[in-house]
Amino acid sequence: MYEEYDFIVVGAGVIGPALAKGMSDRGRKVLVLERDLNEPDRIVGELLQPGGLESLKKLGMEEAVEGIDAAVVEGYEVIYEGERVHIPYPEYSPDFDLAKTTQLGVPATGRGFHHGRFIMNLRKIAREQPNVTMLQATAVDVIKNEETGRVLGVEAMVNGEKKPFFGTMTLMCDGTASAFRKQFTYIKPVIQGYFVGMVLDDVDLLRPNHGHVVIGAGHKPILVYQTTPTEARILCDVPPPMPSASNGDLKRYIEENCLPRLPKQMQPAFRKGLDNKKLRSMPNQYLPATVNKTPGLVLVGDAMNMRHPLTGGGMTVCYNDAVLLCEMLGPQSVNLVDEEQVAAIMKKFYQERKAKSAVVNVLSVALYKLFSAETRELKILQNGCFGYFEKGGECVRGPVSLLSGLLPRPAVLFYHFFAVAFYSIYLNFINKGIVGFPLALLQVFTVLYTAIVVFVPFLVRELF
Ligand SMILES: Cc1cc2nc3c(=O)[nH]c(=O)nc-3n(C[C@H](O)[C@H](O)[C@H](O)COP(=O)(O)OP(=O)(O)OC[C@H]3O[C@@H](n4cnc5c(N)ncnc54)[C@H](O)[C@@H]3O)c2cc1C
């Protein structure tokens with residue numbers, strides 16, 4: 001006889017423990033299988049946006065950011081060709097609609113932390129739940145009913161032995177390199193480049209407790225954010241093909257293309273890091289959400305949907321999804337074996353998650369394109385985007401509310417993106433002057449076309 005669970009959660013990374021806790025809160029029996037229960041050491045998932053923190057609170061897991069020496073994040077400092085603009089997070093209260101109310105008196109904050117410490121806290125909270133069992137086991141296969149195709153559970157390696165585990169539903173959260181994704185969707189992730197980075201000690205930040213985004217017409221974006229009050233993660237965007245780390249090409253690339261772009265006061269910490277620490281890298285991938293139709297299985301987290309990490313939105317999407325999924329699938333009134341009922345719930349889930357995830361996902365990809373500025377038109381848009389932020393007021397509050405995951409309104413994103421495009425065109429006329437007027441006039445069309453190409457296909461793909 002095998003023990004039967006309501007849910008098998010594969011993967012105890014960012015989303016797995018949250019799903020386990022949320023389902024357990026609703027009286028569901030949950031088994032979590034994680035291939036390595038030791039503290040992970042990765043360069044992902046270290047900045048949690050205010051919107052993600054709000055969702056973590058809804059899941060009753062906000063203590064996961066406590067006791068890990070996390071840094072409070074109050075917003076961003078964007079540095080463009082040596083000039084700076086401050087982008088504080090908006091004032092926020094869960095009871096108010098950010099699209100209508102501006103003065104709430106309480107500035108929203110995010111958190112920067114060591115990924116591994118945060119994950120260990122999440123796992124601890126999940127394990128403490130009465131209905132949750134967590135095992136170190138590597139899922140190697142899904143068990144299916146050959147006749148109906150329904151997923152019945154997974155086979156997993158436990159201490160070198162293959163064992164079957166049965167659950168009414170399997171929540172597959174095995175992350176970015178999901179071994180199971182390809183069995184359930186034909187859509188493949190697209191690598192957009194790599195983040196290469198390290199932890200910097202005692203870096204002299206321009207504005208402590210703020211993420212720093214360094215952009216410029218001649219280089220790829222660089223991100224720096226605190227992971228503790230005294231440490232900061234630096235992530236440099238490196239386009240493919242990745243220079244080899246083993247022969248020193250990667251270090252040379254970073255020394256030549258990234259180190260000199262950092263504000264002067266931040267350079268010594270990076271120089272010291274380059275001399276003493278190893279560079280680490282991760283691919284940055286985009287994967288539109290998959291609407292999974294296999295009965296008995298749901299792909300979640302990065303296994304289902306990925307965006308560019310430039311805007312630090314991955315965990316926010318995960319926790320929004322976890323809240324929704326637990327509220328919709330968790331209640332005892334849901335008969336998990338009733339395929340029609342579950343299919344209807346899942347349809348609603350994909351519909352409802354769209355607004356929140358689309359804003360974070362599209363913004364990440366569009367901002368990455370603007371901040372990388374590989375063409376003349378994108379450089380004009382990059383310059384316009386910075387100018388737009390410099391105007392302050394709603395030109396800062398709107399975009400940062402979207403980025404922080406607090407304002408899930410695709411229409412507001414559309415408005416600000418095209419406001420940036422038109423402002424870029426206006427600035428281009430000013431910069432080119434009378435002599436350059438004919439060229440600026442021609443570029444009205446090419447810049448607008450570029451803005452549409454950068455933005456609209458992603459928005460359509462995410463929303464429909
Ligand atoms: C370079 C980079 C930086 C990022 N920075 C941020 C950031 O600052 N803020 C942010 O919000 N997002 C960030 N992200 C995105 C964020 O890390 C992901 O969205 C998030 O980790 C996804 O969570 P997940 O639970 O789906 O996957 P993961 O967190 O990767 O967890 C997957 C888990 O599944 C386990 N697993 C895998 N295979 C198996 C198996 N066969 N059996 C059992 N267990 C298995 C793994 O060990 C792991 O514990 C970043 C991404 C990248 C690439």
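Guide: Gln443 touches Arg376, Ile380, Asn428, Lys432 and Leu448, leaving out residues up to four places away in sequence. Contact here means heavy atoms within 4.5 Å. Take Asn428 from that list. Gln443 and Asn428 are 15 residues apart in sequence, and their C-alpha atoms are 8.5 Å apart in space. Gln443 sits in helix 12, which covers residues 437–463. Helices (H or I, at least four residues) and strands (E, at least two) are DSSP runs, numbered from the N terminus.

Is Gln443 buried or exposed? Gln443 counts as buried, because its relative accessibility is 3%. The cut-offs are these: buried means under 20% relative accessible area, exposed means over 50%, and partly exposed lies in between, with a 1.4 Å probe and protein chains only.

A word on the model. It is predicted: local features need pLDDT of at least 70, side-chain atom pairs count only at pLDDT 80 or more, and totals for chains, interfaces and linings use all residues. Residues are numbered from 1 along each chain as its sequence is written, and side-chain values use heavy atoms, with hydrogens and water left out.

Now go to helix 1. Pro17 lies in this helix, residues 16–25. Pro17 is buried, because its relative accessible area is 0%. Which residues does Pro17 contact, beyond its neighbours within four places in sequence? They are Ala12, Met61, Leu122, Arg123 and Ala126. Compare the position of Glu352. Pro17 and Glu352 are 335 residues apart in sequence and 22 Å apart in space, C-alpha to C-alpha.

Helix 3 comes next. It spans residues 115–127 and holds Asn121. Asn121 touches Glu63, Ala64, Glu66 and Ile68, again not counting residues up to four places away in sequence. With Ala64 there is a polar contact: a polar atom of the Asn121 side chain lies 2.9 Å from the backbone oxygen of Ala64. A polar contact is a pair of N or O atoms within 3.5 Å; within protein, one must be able to donate a hydrogen and the other to accept it, and residues adjacent in sequence count only if both atoms are side-chain atoms.

Turn to the loops. Arg150 is in the loop between strand 9 (138–144) and strand 10 (151–158). Arg150 counts as buried, because its relative accessibility is 9%. Its contacts beyond four places in sequence include Thr168, Met169, Pro295, Gly296 and Leu336. What does the Arg150 side chain have 3.2 Å from one of its polar atoms? It is the backbone oxygen of Leu336.

Follow the chain to Asn159. This residue lies in the loop between strand 10 and strand 11 (161–172). Asn159 is exposed, because its relative accessible area is 77%. Its phi is positive, about 50°, although Asn159 is not a glycine. Most residues other than glycine have a negative phi, and most peptide bonds are trans.

Another positive phi belongs to Asp202, near 50°, and Asp202 is not a glycine. Asp202 lies in the loop between strand 12 and strand 13. Asp202 counts as exposed, because its relative accessibility is 61%.

Val203 is found in the loop between strand 12 (190–201) and strand 13 (210–216). Is Val203 buried or exposed? Val203 is buried, because its relative accessible area is 13%. Val203 touches Ala232, Met266 and Ala269, not counting residues up to four places away in sequence. Between Val203 and Arg111 there are 18 Å in space, C-alpha to C-alpha, and 92 residues in sequence.

The bond from Pro240 to Pro241 is cis, with omega near 0°. Pro241 is in the loop between strand 15 (231–238) and helix 5 (249–257).

Finally, step back to the whole chain. It has twelve helices and 17 strands. Buried residues make up 58% of its 464 residues. Of the contacts with a separation of 6 or more, 72% join residues 24 or more positions apart. The C-alpha atoms fill a box of roughly 80 × 45 × 45 Å along the principal axes.
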